[in-house]
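In these notes I record what I looked up in one structure, entry by entry. I began with pairs of charged side chains.

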Amino acid sequence: MHLGHLIPFLFTKQLQDLFDIPLVIQLTDDEKFLWKDLTLEKANELAKENAKDIIAVGFDPEKTFIFSDLDFMAQEPSFYRNILRVQKAVTYSQAKGVFGFTESDHIGKVGFPAIQAVPAFCSTFPFIFGKRKDIPCLIPCGIDQDPYFRITRDVAPKLGFCKPSLLHSSFIPSLQGAQTKMSSSDPQSSIYLTDTPAQIKNKINKYAFSGGRQTVEEHREKGGDCDVDISYQYLTFFLEDDARLEQIRQDYTNGKLLTGELKKELIVLLQALVQDHQKRRAAVTDEMVEQFMKPRKLKYDY
């Protein structure tokens, strides 16, 4: 996982803390198998590793259920039954229009959107929500997931379910520039959650696109461009002190702060953030993963 993956979970943790709400997290290991060159076993193994990173964010086990599609399909009949309801209600023409399926795509891809849709319906989890069908769902997610939930919102009323609501997270850009996004397959584009402090420093210094000028003199005179500077863009995601962020913006824009100094601000921040995450993740045991991923009643009564 890279920093971009972490952002929706950090936000979701804030929602759970503020509103004292149940949280269900879907791990789409079946999607990884269908779209990538992975075996089922490897996809499932990676899901369990991702679960450790998610647990390390600090979610409350009494309020949180994490599940793997590959495992949960055999554990809860309501999951598959709701999948079938969605699949019957969505035509191939609709799915093709939204996802752009072609004649060469295998049928597993065509059927998958229904699997991602149904965790938005509370009846998929009777061990948490009982027989209720009227509990709404809020989904914080990356904006790339919107097509799945457009179909979900369209089909929900036809099946007697509440339409889910979404909170989109914008993409954190890749190190190379503001118009691209981080990629798990390109180490030069991303800060991984497994990176060492030295790797973080090297990546930012070497690859982070700068909005600074060609020379110090020119930068002092004309200032830098925060709109394209990746170090500044990353600070907008991870620096919690808004007053400090605004001071950095002003100092960089008017040339008082140089590119190297701006990058140093980001390096120190991300080194601490990633190291803290790594310490928490190291404390996550296999038993804790099993606890979070066991279908069970949470602390709420419905």
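**Entry 1: salt bridges**

I looked up K52 and E49 and found that their side chains form a salt bridge, with 3.7 Å from N to O. The model is a predicted one. K52 and E49 both belong to helix α3, and because they are 3 residues apart, about one helical turn separates them. I noted the general rule that an α-helix has 3.6 residues a turn, so residues three or four places apart point the same way.

E49 has 31% and is partly exposed.

I turned next to E265, which forms a salt bridge with R244; their closest N and O atoms are 2.2 Å apart. E265 sits in helix α14 and R244 in helix α13, so this pair ties together parts that are 21 residues apart in sequence. Both residues are partly exposed: E265 has a relative accessible area of 26%, and R244 has 31%. I also recorded a network in which salt bridges that share partners join E49, K52, D53, R281 and D286.

How many salt bridges does the structure hold? I found 18. One of them joins D20 to K63, with 3.0 Å between the closest N and O atoms. D20 is in the loop between α1 and β1, while K63 is in the loop between α3 and β2, so the pair ties together parts 43 residues apart in sequence. D20 is partly exposed at 36% relative accessibility, whereas K63 is buried at 12%.

**Entry 2: the nonpolar cores**

I asked which residues touch the most other members of the largest nonpolar core. This core has 43 residues, and the ones in question are L3, I191, Y234 and L270. Several elements each supply at least two of its residues, including α1 (3-19), β1 (23-27), α3 (40-55) and α14 (259-282). A further core, of 28 residues, lies apart from it and has F65, F67, V118 and I135 among its members.

I followed I191 in detail. Leaving out residues up to four places away in sequence, I191 touches H2, L3, L175, M182, I200, K203, I204, Y234, L270 and V274.

Why did I list α12 as largely enclosed by the rest of the structure? The reason is that 7 of its 9 residues are buried. The buried residues of α12 are I230, S231, Y232, Q233, Y234, L235 and F238. Among the elements that cover them are α1, β5 (173-174), β6 (177-181), α10, α13 and α14.

In α14 I looked up Q271. Q271 is buried, with a relative accessible area of 18%.

In α15 I found V289, F292 and M293 to be buried. They cover an arc of only 90° around the axis, which puts them on the same side of α15. E287 and E290, on the other side of α15, are exposed. The cover over the buried residues of α15 includes β1, α3 and β2 (64-68).

**Entry 3: the surface**

F11 belongs to helix α1 and is partly exposed, at 39% relative accessibility. The protein as a whole exposes about 15,800 Å², of which carbon and sulfur atoms supply 53%.

**Entry 4: the whole protein**

Last, I recorded the overall figures. The secondary structure comes to 15 helices and 6 strands. The C-alpha trace spans about 65 × 45 × 35 Å along its principal axes. Of the 302 residues in the protein, 44% are buried. Among contacts with a separation of 6 or more, 72% are between residues 24 or more positions apart.

Conventions
Residues numbered from 1 in each chain as written. Predicted model: local features only at pLDDT ≥ 70, side-chain atom pairs only at ≥ 80, totals over all residues. Heavy atoms only, no water. Core = buried A, V, L, I, M, F, W, Y, C linked by side-chain atoms within 4.5 Å. Buried < 20%, exposed > 50% of the residue type's maximum accessible area, 1.4 Å probe, protein only. Helix = DSSP H or I, 4+ residues; strand = E, 2+ residues; numbered from the N terminus. Contact = heavy atoms within 4.5 Å. Arc of directions from axis to C-beta. Areas by Shrake-Rupley, 256 points an atom, 1.4 Å probe, with all protein chains shown as cover. Salt bridge = Lys/Arg side-chain N within 4 Å of Asp/Glu carboxyl O.
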